[in-house]
Amino acid sequence: MDIVTAQEMYEWDQVAIKSAGIEGKILMESAGRAAADVIERRIPEHHKVVVLIGAGNNGGDGFVIARTLLNRGYEVEAWQVAADEKISGDAIVHKEIFLASGYSLFQLNDWDALTQSLEKADVIVDAMLGIGAKGPLRSPFNEIVELVNKQNSCRIAVDLPTGVPADEGIEEFDGVRADLTVVIAALKMSAVVQHTRPFYGEIEMVEIGLPVRKLRHPERLVWQRHDVKRSLPERMTNSHKGSHGKGLMVGGSDLMPGSIAMSAKAALRSGAGLLTVATAKEVIPSVSSYVQEATFLAMSETAGKITGHIKDDLQGFDAAAVGMGLGRHPEAQELIEELLEQIEAPLLIDADGLFHLKELFDKVAQRPYPTILTPHPGEFARLLGKPIKTIMQSPFAYCRSFACKHRVYLVLKGPATIITSPEGKQRVDLTGNAGLAKGGTGDVLSGILLAMVLQGGSILDGISNGCFIHGTTAELLTDEQHAMRDLLATDVVEGLSQTFRTFS
Ligand SMILES: NC(=O)C1=CN([C@@H]2O[C@H](COP(=O)(O)OP(=O)(O)OC[C@H]3O[C@@H](n4cnc5c(N)ncnc54)[C@H](OP(=O)(O)O)[C@@H]3O)[C@@H](O)[C@H]2O)[C@@H](O)CC1
Ligand SMILES: Nc1ncnc2c1ncn2[C@@H]1O[C@H](COP(=O)(O)OP(=O)(O)O)[C@@H](O)[C@H]1O
Ligand SMILES: [K+]
């Protein structure tokens, strides 16, 4: 499922119109009818529907929706809330078809009449503004949005809620708070950005007949189950433990032994062939009692934290992960530096491993092997030296420029996890739920990602699959045996088998 900017969406429309000869009014008919189908599936026939219609093409969709629902027997009041002379483009055609079909239109001459109509409505369809909205809402849209948001009726937005920008990066706006948004042809960026996402409510996407093979796809998409099914490496019948990768995990300290233990178990539960855990000597007993399948490297330590160098030969590992429960002491920086220089394989850096990384960006960019960073927003803000709020307003742009500049795979974790390759390709994982908002779930993710990288295939596919599997496991567990409140990171580790079984 592609994620587009408003500009990219307009380019798609132009390709459809110019290269494939699909006229704008046909696209509008398809969009409106597809949205009406969604509404019909969800709303009983006796419900009163008010359709609010703006002047541009979003309003044009509104004329088609109103006509289609009236044709199907719904009680609909269609309100044109823009002046006649403002109605433009293909919306003029569909206004004419609406009127020629024998239906009448309410005009915004009397606010009391609109207010009464909205108060009586069971469903309000917002077809006022879509991707063409620019700047703060002007009158009367600002007043109408306020009025709409006050109603108890179900609010259904067409393409995007009026007032909500299509793109990331806009801080000040007011918009319709939709219960459901029928997204047309592709998800707009704001549908997955943290501060705009809540305005959309539930999201349903409709297809409108765009010529998919002719479109320039933006290399920004939602990673879905069918993508995982297609790209998850198969386990061959004649494979042996060496075929599934030999992994190294470095981290853990006396006060945080659980982090690395959960990462290690998650890696093994996710298919890693062999795993060595390098940790402080005194931490080994507690980790080994939880992960009996791992082998250990005892690192020299001071006060329960790894301080020494890795003396063993680091050749022969197919991938490594560092940082989980490592601690933020100054010596940790030397350790990370050493791993950046010596690991001749993909290296994942998480948690405390990211703490000193700002000082090591040169070393990261020089590595001839893939480097994967998995920050949460706070850790990413630290790496960038910018406030979390600023970054989360334009996460796609910040992730892309960072990943390209430092030549890393970046996994910015959250309810919508953004995965970016060093070339700037972006994938969004929307799985998971607030049950994961608990200490330790990031450590579990690191273990899963290490295992995915160890098992071969493209790094980008592997880490995208890992994020999907992590989130899906939380969803399966909270559907069945757990509530979001009680779900623990260790439950996610044990729940992985349930998810993997859905892929076999
Ligand atoms: N063929 C296609 O293209 C297809 C497009 N489709 C649909 O079209 C939608 C995009 O349509 P669009 O480009 O006409 O923009 P749209 O969202 O209706 O807004 C423009 C209107 O809003 C007004 N306006 C702007 N800012 C404002 C503000 N702050 N406050 C107040 N008013 C403001 C602006 O007024 P102006 O600034 O020109 O005075 C103008 O009247 C898209 O989301 C999808 O639903 C589908 O049917 C598929 C085929
Ligand atoms: N509300 C949420 N919805 C979906 N996923 C979430 C939510 N909150 C957290 N997560 C996921 O949980 C994990 C938390 O990671 P992190 O913050 O590093 O935790 P920790 O450091 O405690 O291990 C990430 O994978 C993140 O995407
Ligand atoms: K809208």
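A polar contact is a pair of N or O atoms within 3.5 Å; within protein, one atom must be able to donate a hydrogen and the other to accept it, and residues adjacent in sequence count only if both atoms are side-chain atoms. The views below show a predicted model, in which local features need pLDDT of at least 70 and side-chain atom pairs count only at pLDDT 80 or more, while totals for chains, interfaces and linings use all residues. Residues are numbered from 1 along each chain as its sequence is written, chains are lettered from A and ligands numbered from 1 in the order in which they are written, and side-chain values use heavy atoms, with hydrogens and water left out.

View 1. A polar side-chain atom of Lys 86 lies 2.4 Å from an oxygen atom of ligand 1. Ligand 1 alone exposes 930 Å², of which the protein buries 84% (Shrake-Rupley method, 1.4 Å probe; for residues, only the protein chains shown count as cover).

**View 2. The shell around ligand 1.** The ligand is surrounded by 25 residues, the closest being Tyr 10, Asp 61, Lys 86, Gly 130 and Asp 159 (a residue is near if one of its heavy atoms lies within 4 Å). The shell comprises 13 nonpolar, 6 polar and 6 charged residues (nonpolar: Ala, Val, Leu, Ile, Met, Phe, Trp, Tyr, Cys and Pro; charged: Asp, Glu, Lys and Arg; polar: the others, Gly among them). At least two shell residues come from each of α1 (6-19), α2 (24-42) and α3 (57-71) (helices are DSSP runs of H or I with at least four residues, strands runs of E with at least two, numbered from the N terminus).

**View 3. The potassium ion, ligand 3.** Its protein donors are Asn 58 (OD1), Asp 126 (O), Leu 129 (O), Val 158 (O) and Leu 160 (O), at 2.7 to 3.0 Å (donors are N, O and S atoms within 2.8 Å of the metal, or 3.2 Å for Na, K and Ca; water is not among the atoms, so sites may look incomplete). Asn 58 belongs to helix α3 and Leu 160 to the loop between β6 (154-158) and β7 (180-184), so this pair ties together parts that are 102 residues apart in sequence.

**View 4. Surroundings of ligand 2.** Among the 18 residues around ligand 2, those that come nearest are Lys 413, Gly 414, Gly 439, Gly 440 and Gly 442. Oxygen atoms of the ligand lie 2.7 Å from a polar backbone atom of Gly 442 and 3.2 Å from one of Asp 443. The protein covers 78% of the 580 Å² of accessible area that ligand 2 has on its own. Helix α16 (residues 441-454) gives the most to this shell, with 4 residues. By class, the shell has 5 nonpolar, 10 polar and 3 charged residues.

**View 5. Backbone geometry in two loops.** The peptide bond from Ser 139 to Pro 140 is cis, with omega near 5°; Pro 140 is placed in the loop between β5 (123-127) and α6 (141-150). Ala 185, a residue other than glycine, has a positive phi near 70° and lies in the loop between β7 and β8 (187-188).
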